Amino acid sequence: MARALLLLLLAALPALAEGLGLGRELAPEEVQAYDVTPIVLPDGRGLPEGEGDYAAGFEVYAFECASCHGPNGEGAPFDRLVAAEPFSTELPPHRFAIGNYWPYATTLFDYIYRAMPFQEPHKLEPDEVYALVAFLLVENGIVPEDFVASRETLPKVRMPARKRLRLDPLTRKLYPWIELP
Amino acid sequence: MDRRSFLKTLAAALAVGNARVVAVEFDPFPPAPRLGKPLSPVGERSRFEAHVQRYISPNLPSRHTGAAFAPISELDGIIHPNGLHFERDHAGVPEIDPKKWRLVIHGLVERPLIFDLETLMRMPTESRIYFIECAGNGQNGYREPPEPTLTATRSRGLVSGAEWTGVPLRILLEEAGLKPEARWVLAEGADASAWVRSIPIDKALADVLVAFRQNGEALRPENGYPVRLVVPGWEGSIQVKWLRRLLVADQPAMSRGETSEYTDVRPDGTVDAFTWVMEPQSIITRPSGGQRIAPGFHEIRGLAWSGFGKIRAVEVSTDGGKTWQEARLSEPVLDRALTRFTLPWRWEGQETVILSRAVDEAGNVQPTREEFFRRWARNNRYHYNGIQAWRIRADGRVENGDPPLAGGPVPPLRAGGCGGEVLDG
């Protein structure tokens with residue numbers, strides 16, 4: 001019995017060592033085709049080609065965003081986008097916005113491209129999203145009005161909220177290797 | 001009272017020689033007089049239980065992003081019925097045809113892989129009972145002054161317990177072969193917001209499940225049908241529903257759900273990222289806010305849980321916190337699962353406040369409201385786990401008994417929070 005078990009085990013070992021052999025391997029172009037909502041990293045990886053500026057963003061914003069976020073990004077019925085004041089612990093959460101709470105400019109592109117407009121996401125072209133990001137960064141007083149958002153410029157934008165962001169102390173204890181980008 | 005009912009008279013009571021029996025009318029509750037309903041292919045709740053529903057706040061600006069609370073005031077047990085499991089969506093519930101569902105693993109792997117549902121279900125599985133809790137659970141605790149009409153459901157109902165069955169994520173990652181630089185697994189959902197969260201590789205290899213069964217049946221659409229991540233003990237928003245891909249990377253995404261949302265404000269104004277582990281919680285569900293009790297015997301009942309492991313103890317006070325007794329924990333007491341506690345109690349009819357506090361196996365103790373706000377800012381939005389107090393009025397009505405905070409009202413909070421419950425002014 002024991003010997004039979006051992007034999008069975010030995011027979012099974014090579015199969016396990018090679019993995020289960022389940023799942024189909026994808027060619028790089030197949031992966032690319034699946035990547036319809038690219039995940040953007042803070043260093044800019046994942047950002048598509050394209051660019052956009054404030055003037056173009058103003059138009060897209062008025063057409064696609066203002067009905068939910070207010071004509072000037074002041075929020076209502078949905079999230080406030082343009083910060084009216086700096087962050088403090090006295091600031092009510094509905095006044096958290098890009099200028100006082102969002103720590104990475106790359107997140108703006110990532111989120112708008114994957115999730116906005118709320119009713120009909122994935123309809124905006126990369127140029128339109130870059131333009132919106134430029135518009136929102138200018139409105140929040142983070143970049144000058146002639147800023148052009150692109151794969152090259154977004155990772156370099158320093159957001160005011162980044163200096164307050166830190167790793168949760170418990171998480172640091174559990175995973176000492178983690179560093180915030 | 002129908003004609004089959006009958007009246008017991010005082011004379012009849014006297015006839016059996018028991019002077020304490022008084023005249024009462026009662027329905028003898030006879031067996032059914034006629035044939036009942038036939039076999040049914042899918043069971044439904046009794047129509048008399050139809051009122052037991054998830055609570056959806058009338059204050060939500062949209063029902064496509066927000067949370068519905070599990071009705072914990074009206075449930076007992078560590079497993080929630082699938083239709084009543086709490087729900088949190090960020091862009092509605094997608095309808096996914098299981099034949100079209102695919103999962104892609106790519107990035108820092110030796111072999112990018114694609115799985116269909118049939119292939120995923122052939123792989124080795126595990127079944128575990130875990131709680132899932134929204135980071136916004138307890139958000140009503142941020143209200144100041146506390147709202148008198150709060151119920152247990154609205155206080156802590158963004159948590160549920162279920163048995164989840166799925167493939168350990170480790171097996172899928174090993175199948176694809178991790179490259180040495182792999183540090184993060186970025187999971188993406190197939191909902192309209194293509195929800196993305198970053199999970200450190202240690203956790204991904206430790207105990208994360210790629211789940212396709214909830215209490216034995218297929219997941220409910222609102223809980224991720226056909227496949228979701230279950231990330232034991234961590235905030236619900238990282239347990240990506242409607243999973244469509246896993247990108248293995250050397251950096252986290254710093255997605256919206258881990259930067260502008262689901263980050264936590266400290267009293268010194270710094271903001272903590274990656275507040276993943278859910279701290280110990282407990283709540284008395286009976287008697288609780290909105291209920292009314294009569295003098296005499298009651299079993300105090302509630303739930304406790306912690307993202308750090310098993311619940312070690314739940315202490316209950318029936319005198320406003322002057323004295324505490326250890327409640328009985330109902331077996332099974334499981335790692336990172338809901339745990340029931342009970343305490344027999346006799347209410348004599350005087351006004352009092354009852355409280356519960358959880359202690360987990362790591363030694364973490366559920367904080368009081370005051371203690372909580374020494375750790376987190378008053379304008380923080382998540383992870384509220386302060387002790388919930390219930391005040392029992394002399395007439396038996398149960399209300400929110402949370403003490404107001406020293407320092408008075410917080411900045412006015414407008415409709416917000418995932419549950420839409422934080423609303424003032």
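Trainee: Where does B:Arg336 lie in chain B?

Mentor: B:Arg336 sits in the loop between β22 (328–329) and β23 (339–347) of chain B. Strands are DSSP runs of E, at least two residues, and helices runs of H or I, at least four, numbered from the N terminus. The model is predicted: local features need pLDDT of at least 70, side-chain atom pairs count only at pLDDT 80 or more, and totals for chains, interfaces and linings use all residues. Residues are numbered from 1 along each chain as its sequence is written, chains are lettered from A and ligands numbered from 1 in the order in which they are written, and side-chain values use heavy atoms, without hydrogens and water.

Trainee: Does B:Arg336 count as buried or exposed, and why?

Mentor: Buried means under 20% relative accessible area, exposed over 50%, partly exposed in between (1.4 Å probe, protein chains only). B:Arg336 has 12% relative accessibility, so it counts as buried. Its phi is near 55°, positive in a residue other than glycine.

Trainee: What about B:Phe29: buried or exposed?

Mentor: Its relative accessible area is 73%, so B:Phe29 is exposed. B:Phe29 also has a positive phi, about 50°, without being a glycine. It is found in the loop between β2 (24–26) and β3 (55–56) of chain B.

Trainee: What makes B:Arg266 and A:Asp168 a salt bridge?

Mentor: The rule asks for a side-chain nitrogen of Lys or Arg within 4 Å of a carboxyl oxygen of Asp or Glu. B:Arg266 and A:Asp168 meet at 3.4 Å, N to O, so the pair qualifies. Six salt bridges are found across the interface of chain B and chain A.

Trainee: How do you know that helix α6 of chain A is mostly covered?

Mentor: Of its 11 residues (105–115), 11 are buried. Among them are A:Phe109, A:Asp110 and A:Arg114. The cover includes α7 (126–139) of chain A and β10 (184–189) of chain B.

Note on methods
Contact means heavy atoms within 4.5 Å.
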